[in-house]
Amino acid sequence: MKLHSLGIDFRHDRDFLIDRPNGSGDNLIIIFKTSAVVRQNGIVQTVPAGSAVVYSKGERQYYGAAGAEYINDWVHFECDERDTFFDKIRLPFNTVLHISAGGTEDILNMLSLEQVSGGENSGECVDLLLRLLLAKLGGAGGSPRGNFRSVSLKALRAEIYRDPASCKSIAELSARLALSPSYFQSLYKKEFGVSCYEDVLAARLERAKYYLADTAISVKNIAELCGFENDTHFIRQFRRRTGMTATQFRNRAQG
């Protein structure tokens, strides 16, 4: 895939409208940061912020402002739409997708930097980043509300595994998503097939295994670093889940 040009956080007034009957001569990704009007299947509709469209080459492009302020990201690029990659990621072209704005910003920023880097592997990096961006969009769909909730749960799960000690309780985690604890737990298990409690525990134990295998930190301090109530609770849970004590695991891991 080849990147032609891109723009991040481009702003326009209420009169902004793009209407290209024959497209732009290449493929185009538009990510709306504000509400916008979009023509799809011959019908002009208003779509919310957090929507996106991936246009095929030669497809009519019609989009613009729906209010006083209009902001979007855009990427002009070239690809082979017959590539089996698109079947794998199930990306529908020329269809309004509902995504999280934050889910694409890091990729766009990396694309922007790679575009001007001139590095030896710049072309390969651009290709991979475009595929990553399109895969993210391929995972979008459904209603804005439902997709936003799914994206929020995934972001929360990533945080759990990144910093399990910061996750104090189910009540605190559910409050972040403005959900009741019971409804939050139901949504979480439906999304990931495992309870949030089990995920937090698994994340803490994985972090503990790292400390046991690669450091000389005491078991008591490891329990604290990983977010366990105390070392007794940690030792009990570690043995229950691994079939060995923390000391046995450390001895085996460190040879």
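Contact here means heavy atoms within 4.5 Å. By that criterion, Ala165 touches Leu225, Cys226 and Gly227, leaving aside residues up to four places away in sequence. The model is predicted, so to speak of local features requires pLDDT of at least 70, side-chain atom pairs count only at pLDDT 80 or more, and totals for chains, interfaces and linings use all residues. Residues are numbered from 1 along each chain as its sequence is written, and side-chain values use heavy atoms, without hydrogens and water. Helices (H or I, at least four residues) and strands (E, at least two) are DSSP runs, numbered from the N terminus.

**The loop at Ala165**

- Ala165 sits in the loop between helix H4 (144–162) and helix H5 (170–176).
- Ala165 counts as buried, because its relative accessibility is 15%. Buried means under 20% relative accessible area, exposed over 50%, and partly exposed in between (1.4 Å probe, protein chains only).
- Gly227 is 62 residues from Ala165 along the chain, yet their C-alpha atoms are separated by 3.8 Å.

- Helix H7 spans residues 196–214, 19 residues in all. From first C-alpha to last, H7 reaches 27 Å, close to the 27 Å expected at 1.5 Å a residue. The expected span is 1.5 Å times one less than the number of residues.
- The buried residues of H7 include Cys196, Asp199, Arg204 and Tyr211. Leu201, Leu205, Ala208 and Leu212 are also among them.
- Two packed helices are described by the angle between their axes and the distance between the axes.
- The axes of H7 and helix H9 (residues 231–242) come within 11 Å and cross at roughly 95 degrees. H7 is therefore roughly perpendicular to H9. Axes are lines fitted to C-alpha atoms, for helices over the stretch in contact, with angles from 0 to 180 degrees between N-to-C directions. Angles under 35 degrees count as roughly parallel, over 145 as roughly antiparallel, 65 to 115 as roughly perpendicular and the rest as oblique.
- On the H7 side, the contact uses Tyr197, Glu198, Leu201, Leu205, Ala208, Lys209 and Leu212. H9 contributes Phe234, Gln237, Phe238, Arg241 and Thr242.
- The residues of this contact divide into 7 nonpolar, 2 polar and 3 charged. Ala, Val, Leu, Ile, Met, Phe, Trp, Tyr, Cys and Pro count as nonpolar, Asp, Glu, Lys and Arg as charged, and the others, Gly among them, as polar.

**The four-stranded sheet**

- An open sheet of 4 strands runs in the order S2-S7-S4-S5, with antiparallel pairing. Two strands pair if DSSP finds at least two bridges between them.
- Strand S2 (17–20) and strand S5 (43–47) are the edge strands, each pairing on one side only.
- From one strand to the next, the twist averages 20 degrees.
- Strand S4 (residues 36–40) is mostly covered. Of its 5 residues, 4 are buried.
- S4 and S5 pair in the antiparallel sense over 5 bridges. Val38 stands opposite Gln45 in S5, and Arg39 opposite Val44.
- S4 also pairs with strand S7 (residues 61–65), antiparallel over 3 bridges. There, Ala36 stands opposite Ala65.

- Asn41 lies in the loop between S4 and S5. This hairpin has 2 residues between the strands, and Asn41 takes a positive phi near 55 degrees.
- Asn41 counts as exposed, because its relative accessibility is 73%.
- Ala178 also has a positive phi, about 55 degrees, although it is not a glycine. Ala178 lies in the loop between H5 and helix H6 (181–192).
- With a relative accessible area of 71%, Ala178 is exposed.
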